[in-house]
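Q: Hey, I'm new to this one and would like a quick tour. Can you put it up on screen?
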Amino acid sequence: MFIDQNNLFKQKQIVLLIYGGSAVLAVIAALIAGRRSKALSAEIKRWEPLYNKLPIDLRIIFLGLTVIGSSLALFLINDFLIDSYNILPRVIELIIVLLGASVLCGLTIVQLKYIAGEFKDLENAKAVLKKSLVYRTAGGLKTSLQEAFLNRSTGTQLFVVLIIIFGMGMGSIVMFFHPLFALFYVMLLAFAGIPLVMALIRRLGYFNRIVETANELATGHMGQDLPVKGKGVLASLAGNINVLKQGVKTSLSEQAKSERLKTELITNVSHDLRTPLTSIITYTELLKSGEVSEDDRSAYLEIIDRKSKRLKVLIDDLFEVSKMASGNIELRKERVDLIQLLQQALAEHNNAINESNLHFRVTKPDHPAIAFVDGQKLWRVFDNLIGNILKYSLENSRVYIAIAKVKGQAVITFKNVSKYELDDQSEELFERFKRGDKSRHTDGSGLGLAIAKSIIDLHDGNLEIDTDGDLFKVSISLNIEE
């Protein structure tokens with residue numbers, strides 16, 4: 001027995017020496033081949049960017065798998081060493097295990113090299129860790145919890161409900177220990193579980209109704225407002241959706257109004273520009289024919305001159321209101337007495353006022369109303385408003401113009417009775433080419449009120465229009481020096 005054991009020991013020594021020598025030679029050969037083989041280094045470098053695209057925790061998992069595989073392969077080789085006396089029948093199996101261990105060890109070494117390169121400095125390590133699945137999952141969970149508790153009441157209610165449901169689920173186990181526990185659990189289920197389920201069903205139904213209304217709102221269908229039940233987050237959501245619905249209705253109404261005004265603007269500007277232009281072309285053709293008398297020629301020239309000036313006024317007003325709307329205009333402000341400026345504007349129209357059958361009533365304070373304004377631009381506002389009164393007032397009616405000081409402001413009002421029927425949409429009179437004379441028989445450009453409002457806005461003032469039946473009232477408020 002001792003002789004057999006001694007022979008077996010010597011045999012294992014020989015095998016061990018062969019394995020050890022082979023391993024040393026293999027390592028030396030691998031090192032020499034690795035240094036001389038540039039293709040292998042290039043191949044390892046080529047795969048590094050692709051490998052580094054994986055999250056670091058996933059790479060660590062792969063590294064762990066190769067380490068475990070390498071360890072198992074080495075244990076198998078150790079078994080072969082122990083059973084070396086029976087090695088010949090298992091040569092193929094040994095070769096396969098050696099190749100597998102070599103590949104796994106190689107992958108482990110390469111992965112260690114890749115991962116170690118990612119942690120070469122602290123900043124790069126932080127960046128790598130922030131891209132990991134664990135970090136992103138933890139960040140998502142943190143965000144979800146924060147969002148769940150944006151409304152603390154809702155978050156608390158949710159977690160209380162979850163605890164109750166989990167507790168009742170765990171409590172069902174006690175029914176199997178004693179009948180008394182089963183009775184207690186049934187009572188708990190009846191008084192707490194069923195009401196909780198019913199409350200959840202009602203909340204779910206209310207939520208689904210809110211979602212359905214939101215979907216209808218998204219498709220443009222306006223249904224009835226949602227009922228606002230209680231003071232919870234769902235009630236607040238329902239109230240906000242009702243507010244949004246009203247906003248959408250208002251927006252659609254404003255959009256329809258805008259489209260209508262745009263169509264009217266195109267129609268009106270085409271009409272107002274084409275009418276004098278048509279007259280100019282017509283009378284020019286008649287003059288070119290040479291078959292008109294001298295008196296007709298003079299009359300035609302006078303018409304052409306008048307229509308040309310009218311066309312120039314329209315174009316100038318259009319450019320003026322466009323410049324004011326874009327803010328591309330400069331004001332030359334100075335100290336101006338608004339009372340004196342209003343009197344100058346009335347004096348400019350004195351002849352037209354005397355020739356009309358209107359009765360002007362002007363009310364003004366005894367002391368000056370000094371304001372820091374552009375006198376020329378503000379004079380144009382007064383001129384436009386007085387001109388509108390002369391053109392659009394009902395015959396034999398009274399016109400009231402008043403200026404008063406109210407809390408550091410000068411309030412100037414113009415009131416007259418319109419000869420044309422006014423509708424309730426007085427704010428539309430500020431639109432370009434909009435007139436109270438819908439038949440457009442008068443010679444106005446339709447830009448007077450738009451220009452006047454733009455000028456007052458540039459002076460940080462306020463111009464408002466109010467209509468009451470056929471009574472037309474314009475109020476202007478401007479800051480004055482005390």
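Q: How do β2 and strand β4 pair, parallel or antiparallel?
A: β2 and β4 (residues 398-406) pair in the parallel sense, over five bridges. Pairing takes at least two DSSP bridges between two strands, and strands are DSSP runs of E, at least two residues, numbered from the N terminus; helices are runs of H or I, at least four. This is a predicted model, where local features need pLDDT of at least 70 and side-chain atom pairs 80 or more, while totals for chains, interfaces and linings use all residues. Residues are numbered from 1 along each chain as its sequence is written, and side-chain values use heavy atoms, leaving out hydrogens and water.
Q: Which residue is the bridge partner of F360 in β4?
A: That's V399.
Q: New topic: where's S393?
A: S393 is in the loop between α13 and β4.
Q: Buried or exposed?
A: S393 is buried, at 3% relative accessible area (buried is under 20%, exposed over 50%, partly exposed in between, with a 1.4 Å probe and protein chains only).
Q: What does S393 touch?
A: Leaving aside residues up to four places away in sequence, S393 touches L358, N388, V399, N416, V417 and K419. Touching means heavy atoms within 4.5 Å.
Q: And how far is its side chain from the backbone oxygen of I389?
A: The S393 side chain reaches that oxygen at 2.6 Å.

Key: A polar contact is a pair of N or O atoms within 3.5 Å; within protein, one must be able to donate a hydrogen and the other to accept it, and residues adjacent in sequence count only if both atoms are side-chain atoms.
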